[in-house]
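Hi,

Here is the structure I promised to pass on.

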Amino acid sequence: ALASAPTLKQFWAGLALDPLPAFFPLLLRVWRGIVGDGDFSLRLLGFFIGLGSLGAFWWSARITGRRTPIVALVSLGLCPTLFIWGDSLRGYGLGVGCVVVAFALFWKLIEAPSVWIFSATTLAAILSVQSVYSNSLLIFSCGIGAAAVAARRGQWGRVGLVLLAGMIAALTLLP
């Protein structure tokens, strides 16, 4: 078993020294509380995160009107780094899954905006930037790309929704 977890106050104070934001350590804390902190249960979390990332590619393809994410799957298959770090007990695999879901939801937000799609897009963007700090650049790119597509179509309200979702995610990085 792992050493006892720090209190949430100690965790928050030490977060400035951690290279990853709060989402994954909090998820790990909840997982350990529910499932346990044995070797098998922690490996199981990594397995589910890796499986979730693959599922995110398939789901994203469906949402954006594609049948199969062939390019993404081939790219993943040729990337040994993903197999090493993607389902390890760090936030990288979780970050991959979250940013892929956020990408699809940004697309959906400019195609068929609704309160639910806006909320889901904002949540996915927040979870993405709170998984890995470098995802903030990817979320920024997704948001600017979606805003550019909506602006090209003359859909200025949708531009505002996309930028608002991205801004809310960016604001969560301030603390």
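Below is what turned up, starting with the aromatic rings.

It's a predicted model, so local features need pLDDT of at least 70 and side-chain atom pairs count only at pLDDT 80 or more, while totals for chains, interfaces and linings use all residues. Numbering runs from 1 along each chain as its sequence is written, and side-chain values use heavy atoms, leaving out hydrogens and water.

There are 2 aromatic pairs, taking rings of Phe, Tyr and Trp (its six-membered ring) with centres within 6.5 Å; planes under 30 degrees apart are stacked, over 60 edge-to-face, the rest tilted. Trp-31 and Phe-48 sit edge-to-face, 6.2 Å centre to centre with 70° between the planes. That pair links distant parts of the chain, helix α2 (residues 23–34) and helix α3, 17 residues apart (helices are DSSP runs of H or I, at least four residues, numbered from the N terminus). Phe-47 and Phe-48 form the tilted pair, at 5.8 Å and 50°.

Trp-31 counts as buried because its relative accessibility is 17%, whereas Phe-48 at 42% is partly exposed, as is Phe-47 at 45% (buried is under 20% relative accessible area, exposed over 50%, partly exposed in between; 1.4 Å probe, protein chains only).

Elsewhere, Ile-168 in helix α9 (residues 156–171) touches Phe-118, Thr-122 and Ile-126, not counting residues up to four places away in sequence (contact means heavy atoms within 4.5 Å).

Cheers

Key: Helix = DSSP H or I, 4+ residues; strand = E, 2+ residues; numbered from the N terminus.
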